[in-house]
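Hello,

Here is the structure I promised to pass on.

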Amino acid sequence: MSADPRPLPELVSFIETLPEPHILCDRDYRIIAANAAYRSSCADGRSVVGRTCYDVSHHYSVPCDRAGESCPLSRSLQSGQRERVLHLHHTPRGEEYVNIELSPVRDGSGDIAWFIEKMEPMPVARGVSDNHGLIGRAPAFQRMLELVVRVAPSEASVLLQGESGTGKELVASAVHEASRRADRPFVVVDCSGLPDTLFESEVFGHERGAFTGAVARKPGLVEAASGGTLFLDEVGDIPLSMQVKLLRLLETGTYRRLGSTELRRADIRLVSATHRPLQEMIGDGSFRQDLYFRLNTFPIIVPPLRERLEDLPLLVGSLLERVAPNRGLELSADAMQVLASYPFPGNVRELRNVLERASLMCDGDVIHPEHLAEEIRLGAGVVSTPGRSAHESAAIALGGNSVPDLGELEHQVLRQAVISHRGSRRELAAKLGLSERTLYRRLKALGLDKALD
């Protein structure tokens, strides 16, 4: 059934009063009305009325669920209820993550006739290269970000689990920035290596004379984070004797400064992170089970870099802007292939170090494989030898006895980049460090040139 294209004027008037971007759609995905907030922040300068929501937001020619994404409208038609999803939208500022809440509106006969869609931009994450915040488009990254969006508005404790170097502090900051406490402090506690007395003093504060050297009263980090978020990094390293005091803080919302009998009340939201296996530590008695349950109200797994390799060009572009600002450095296609073949046990932190070293070794504007450390080329299975390019070595490392026209690895990298890309060919070329003409020639040779039309 197709909805009446003339909805009640009250619906149009209603969304116009709302401060957040809203649109009114029919069952065929057509936009019937858009409020002022949407027109000013989400529209691309053209009128959106009469166009489909997937054309405006994604530049798709088919609905989202036919393009490999979750479509809230089709889900709402099936469930008959409000649906929420996280999507990567085209906006006048480039691609941005948007939290979508879509509500069905029924007509006099009880059938779903229209949908009101609310859009909340997620400024803490981007789908394009940026020099701050979370960056990514990979499915593993988007699954993580969906959980961040879900939990951020609440007061639930969050436990971030992931390997070292995956960016857990950035994720913790994103939870804070998307919460109701965003305008209050975000305080980081590095729990690794803090002995018992120092941990208690740093976190809870101390009174004058509480211990040798305590010549003045000192507020703790719990007080510094009042009204905001306290981030406990490497929570698995908290001394066992301090875990019970942290548990009391979480259970009662109260604490005492070291050397004081005065009970103080804390107003904090707790986010913690660890790369250690806490459940195994519970088994050997080095971590309290009751504390684990308190911290693990809402667990989020931060994926390693090897599970989001399609984000490599985005991360490289962003990190190069940080480690070598104003130089306009790019990676050659061969250098990108080497990085794509390396396992990165140190994850994004290691990638940053690799790029910083390469930027120092490179005198020009383009980083080539020879500018990368030998251990990276060895770890990627790529060792350049006289008379053989890194491109050829990469193909041989993949098990081939002969080198394909463009290399099997290049085929894989380009194919994945095209599948995950939502913008124009020019934007993809910029992300990959290629000219638009070179990218078109390589895509055509691989039979992928129509994918971005």
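Contact here means heavy atoms within 4.5 Å, and helices (H or I, at least four residues) and strands (E, at least two) are DSSP runs, numbered from the N terminus. This is a predicted model, where local features need pLDDT of at least 70, side-chain atom pairs count only at pLDDT 80 or more, and totals for chains, interfaces and linings use all residues. Residues are numbered from 1 along each chain as its sequence is written, and side-chain values use heavy atoms, with hydrogens and water left out.

Let me begin with helix 14 (residues 347-361). Its buried residues pack against helix 12 (312-323), strand 16 (330-331), helix 13 (333-341), strand 17 (366-367) and helix 15 (374-379). Among those buried are Val348, Leu351, Val354 and Leu355; buried means under 20% relative accessible area, exposed over 50%, and partly exposed in between (1.4 Å probe, protein chains only).

Next, a loop. Ser109 sits between strand 4 (94-106) and strand 5 (112-126), and counts as exposed because its relative accessibility is 55%. Its side chain makes polar contacts with the side chains of Asp107, at 2.8 Å, and Asp111, at 3.3 Å. A polar contact is a pair of N or O atoms within 3.5 Å; within protein, one must be able to donate a hydrogen and the other to accept it, and residues adjacent in sequence count only if both atoms are side-chain atoms.

Finally, there is an open sheet of five strands in the order 8-11-14-7-15, with parallel pairing (two strands pair if DSSP finds at least two bridges between them). Strand 8 (186-190) and strand 15 (298-301) are at the edges, each with a single partner strand, so one side of each has no neighbour in the sheet.

Best wishes
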